[in-house]
Each structure stands twice: as structure tokens, then as C-alpha cells.
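Please keep the structure open beside the text and look up each residue as it is named.

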Amino acid sequence: MKLFYLVVATFLLSIQTGWAQNPGIIQGKVMGEEGNPLSFATVILYNADSTIAKTGFSNEKGQFLLTPLRAGNYFLTVQFTDLGLFRSQLLELAQGQNLELNDIVMRTAETSIDEVQIVARKPLV
């Protein structure tokens, strides 16, 4: 019976410790140039040392939410098909902070090609 109480007490203490760790949140919205929300944009949060901390996608309203996060310095990239890559400035997240970013507007990627070659070979028959 003492073992049962010891297990229950340990469990309750571990839950309380988990609640005390108050995770941080980074959220925002991804928009197109015309102001339309971009769904399924790839959102990647990097630690300051360039290792990946979290990944996610924007929803049908263009919104994304990255949680749970530890306090620290991060930067964010957003990428969407046929549009350029967005990279944020350094983001400083405090313990338990809810950091809401300004709307991220994705612009059309400007790509130029110097030359296009079309090559065909005639079969030797």
C-alpha cells in the first residue's frame, strides 16, 4: 500500500513540474501579395545555431502556431510553392511568451534563365 501512495505522489509531482514549465508560442499568418491567405505554406523555426526547432504548415486561413517552445533565440522561414523564401530577423522568445508575428506577405520569386536548350536526337535506323 505504501508503494501505491509513493507511485501516486511521484506521478502528481511530475505533472506539477510539467505544468510549471510554461511553454512559449510563436504564431502568425501567411498571406499572398493580393492579401489572400496561403494555406499549407511550410513554416520552419530554427534555433540560433541553425538547427531545426519546430516545423509546421499554415492552415486554410494562412495561420500557423508553433508550440511548445523553450525560451531562446530563433529565426523563422516560410516557403510556398512558386513564391520566394521568407526569413525573419532574430526572434527572442521569453519563458511562457506568446509571440504573435505581423502578417508575412509572400512575394513572387524572381527567377531569370540565361539560356534554354532543346536537344533532340534522331535514332540511327
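The numbered points below go from the overall layout to single residues.

1. Before anything else, please note that this is a predicted model, in which local features need pLDDT of at least 70 and side-chain atom pairs count only at pLDDT 80 or more, whereas totals for chains, interfaces and linings use all residues. Residues are numbered from 1 along each chain as its sequence is written, and side-chain values use heavy atoms, with hydrogens and water left out.

2. The protein chain contains 1 helix and 9 strands, where helices (H or I, at least four residues) and strands (E, at least two) are DSSP runs numbered from the N terminus. Read from the N terminus on, the order of the elements is α-β-β-β-β-β-β-β-β-β. Of the 125 residues in the protein chain, 25% are buried; here buried means under 20% relative accessible area, exposed means over 50%, and partly exposed lies in between, with a 1.4 Å probe and protein chains only.

3. Contacts are also worth a look, a contact being heavy atoms within 4.5 Å. Among the contacts in the protein chain with a separation of 6 or more, 57% are between residues 24 or more positions apart.

4. Which strands does β1 (residues 24-31) pair with in the parallel sense? Two strands pair if DSSP finds at least two bridges between them; β1 runs parallel to β8 (residues 98-100) over 3 bridges and parallel to β9 (residues 104-105) over 2 bridges. Ile25 stands opposite Asn98 in β8, and Met31 stands opposite Val105 in β9. With β4, by contrast, β1 runs antiparallel and is joined by 5 bridges, and Gly24 faces Leu69 there.

5. A nonpolar core is a set of buried Ala, Val, Leu, Ile, Met, Phe, Trp, Tyr and Cys residues joined through side-chain atoms within 4.5 Å. The largest one here has 19 residues, and those with the most contacts inside it are Ile26, Phe64, Leu76 and Val78. The elements giving two or more residues to this core are β1, β2, β4, β5 and β7 (91-93). Leaving aside neighbours within four places in sequence, Ile26 is in contact with residues including Leu45, Phe64, Tyr74, Leu91 and Leu99. As general background, nonpolar side chains in soluble globular proteins tend to be buried together.

6. The structure holds 1 aromatic pair; rings of Phe, Tyr and Trp (its six-membered ring) pair if their centres lie within 6.5 Å, and planes under 30 degrees apart count as stacked, over 60 as edge-to-face and the rest as tilted. The rings of Tyr46 and Phe75 have centres 5.2 Å apart and planes at 15°, so this pair is stacked. Because Tyr46 belongs to strand β2 and Phe75 to strand β5, the pair ties together parts that are 29 residues apart in sequence. Both Tyr46 and Phe75 are buried.

7. Is Ser58 buried or exposed? Ser58, in the loop between β3 and β4, is buried, with a relative accessible area of 2%. A polar atom of the Ser58 side chain lies 2.9 Å from the backbone nitrogen of Ala41. Residues that Ser58 touches, not counting those up to four places away in sequence, include Val30, Leu38, Ala41 and Phe64.

8. Finally, please check some backbone details. A cis peptide bond, with omega about -5°, joins Thr67 and Pro68, and Pro68 is placed in strand β4 (residues 63-69). Ser50 is not a glycine, yet has a positive phi of about 75°; Ser50 lies in the loop between β2 (42-47) and β3 (52-57) and is partly exposed at 47% relative accessibility. Asp82 takes a positive phi near 65° in the hairpin of β5 and β6, which has 5 residues between the strands, and Asp82 is exposed, with a relative accessible area of 67%.

Notes
A polar contact is a pair of N or O atoms within 3.5 Å; within protein, one must be able to donate a hydrogen and the other to accept it, and residues adjacent in sequence count only if both atoms are side-chain atoms.
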